[in-house]
Amino acid sequence: MITDPKYIFVTGGVSSSLGKGIIAASLAKLLQAQGYRTTIQKLDPYINIDPGTLNPYEHGECYVTDDGAETDLDLGHYERFLNVATSQANNVTTGRIYQSVINKERRGEYLGKTVQVIPHITNEIKERIQILGNSGEYDIVITEIGGTVGDIESLPYIEAVRQLEWDLGEHNAIVIHLTLVPFLAAAGELKTKPTQHSVKTLMESGVQADILVCRTEHELSESIKTKLARFCNVKKEAVIQSIDASTIYDVPNLMLEEGLDKAVLQKLNLKSETPNLTQWNAFLDRYKNPKGEITIGLIGKYVELQDSYKSILESFIHAGAENEVLVNVEPIHSEYITSQNVSAKLGHLDGVLVAPGFGERGIEGKIEAVRFVREQNVPFLGICLGMQMAVIEFARNVLNLKDANSLEMDEETPHPVINLMESQKDVVNKGGTMRLGTWDCKLTDHSLIQRIYATNQIKERHRHRFEYNNDYKEQFETAGLKASGFNPETNLVEIIEIPENDWFVGVQFHPEYKSTVASPHPLFVDFVKAALKSKSKK
Ligand code: GLN
């Protein structure tokens with residue numbers, strides 16, 4: 001254990017989407033596996049207060065933490081790799097920084113000073129970076145700076161990094177710079193110039209990269225590494241190749257082979273040991289050597305962009321490995337499902353997941369999909385909006401409540417089986433006002449869900465405004481759609497199931513946010529098991 005926390009800054013150059021989040025998470029894994037209490041934080045240079053109001057097409061999935069923060073999807077990777085919960089402190093945006101500074105200004109906290117980017121914004125950034133370190137819970141804090149070095153919006157962050165390195169002193173803070181080494185096919189050569197320029201841009205802000213992580217499609221030869229080291233002013237051992245991997249879960253081992261953890265620990269004056277990756281590698285082994293295969297349909301409206309359902313896709317990887325089976329996830333666009341084509345589109349699937357979402361687009365297709373799987377007894381998992389669709393489908397087609405709907409889609413519906421929570425009725429602002437974060441849920445005795453979780457009370461994360469309408473509960477129960485999980489304080493229904501079917505579960509919360517490599521989520525594990533069983537009966 002070390003007394004003062006050490007800081008690692010991960011910056012990126014040349015291009016966005018080089019995989020800073022995965023590199024940060026992999027490094028954290030290697031440090032954690034040597035006994036260092038490590039956490040990761042992401043600083044995003046956009047002006048939204050949080051990504052909660054962003055369309056998934058813009059930025060991928062919005063990840064929700066226990067404390068109800070709506071955050072960048074990289075936090076999902078941090079949790080999946082480390083199996084340690086994150087919180088609001090792990091994700092800060094420029095919008096939040098400015099909001100906080102402006103609020104302080106209005107309260108008169110700056111005592112009449114002119115409020116400026118330097119020092120007020122940079123001080124606020126420095127404070128946010130040190131919140132996690134000062135908690136005493138961590139030995140090492142990795143801070144990933146979103147965006148690309150050289151962008152106007154990144155400047156205050158890079159200046160804050162420069163100052164912090166100076167404040168904290170040598171061996172207490174280092175900078176990793178992630179860059180791209182492109183391969184020019186026509187010349188048959190890897191090019192180092194973009195990296196040299198990116199390091200130079202960083203230096204113009206007074207920050208020297210300590211370690212280079214070079215994203216590349218081809219192996220970096222020794223001579224390329226030497227060239228990069230010489231012209232970027234880093235040690236040769238500090239030039240780390242990050243070659244494209246077939247799965248993100250290989251990256252910790254690849255970084256170990258390259259000695260990223262060693263280079264980092266040496267720079268921080270900390271001792272390095274061989275990380276204990278036994279459990280991690282056992283997972284990889286199961287994941288890469290499946291004994292069978294199933295296909296699950298993922299019905300949603302943002303299916304064109306893989307990142308929109310990131311946590312769901314990763315949860316299937318964890319659950320597949322646990323069951324030693326390869327889970328093929330087939331994305332199916334809900335907008336194009338109709339009663340005529342539903343059987344052709346879903347007939348071959350071993351299980352169907354109807355995804356979370358917002359707004360009217362594509363919901364009739366989701367309802368059609370639920371009808372098909374309910375009638376055909378295909379294993380079904382509905383998450384949040386997916387659960388609400390299952391309730392609406394049952395109301396319309398079993399209870400015969402024509403035009404039953406959610407108030408979100410139809411304010412005039414005669415049967416609002418999904419309605420707006422009382423506490424939501426006067427809410428005007430969209431950002432940060434949903435039912436968010438962890439809530440308790442009590443499970444009903446002898447239900448399928450109680451068997452799956454093997455406990456009576458659970459805690460899961462929420463992100464929604466609408467709810468199951470208890471006025472219809474008796475009708476639903478009598479006809480066979482059972483409520484099997486409740487919020488103990490409000491009595492809100494959180495889980496529904498159809499005991500007559502083999503495996504039909506809808507949950508108002510998001511189990512996908514809590515699945516990790518070390519702890520695959522029981523709901524996904526059992527869903528995959530059910531799909532396997534269903535396949536074997538075909
Ligand atoms: N749109 C629905 C609601 O607000 C469901 C949200 C979700 O799927 N996360 O209640």
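## One residue and its surroundings

Leaving aside residues up to four places away in sequence, Gln196 touches Lys227, Phe231 and Cys232, where contact means heavy atoms within 4.5 Å. The model is a predicted one, in which local features need pLDDT of at least 70 and side-chain atom pairs count only at pLDDT 80 or more, while totals for chains, interfaces and linings use all residues. Residues are numbered from 1 along each chain as its sequence is written, and side-chain values use heavy atoms, with hydrogens and water left out.

Gln196 lies in helix α7, which covers residues 193–204; helices (H or I, at least four residues) and strands (E, at least two) are DSSP runs numbered from the N terminus. With a relative accessible area of 17%, Gln196 is buried, a term that means under 20% relative accessible area, with exposed meaning over 50% and partly exposed in between (1.4 Å probe, protein chains only). Val327 is 131 residues from Gln196 along the chain, and the C-alpha atoms of the two are separated by 42 Å.

## The chain as a whole

The chain has 18 helices and 23 strands, and its C-alpha atoms fill a box of roughly 75 × 60 × 45 Å along the principal axes.

| Share in the chain | Value |
|---|---|
| Buried residues, of 538 residues | 58% |
| Contacts joining residues at least 24 apart, among those between residues at least 6 apart in sequence | 73% |
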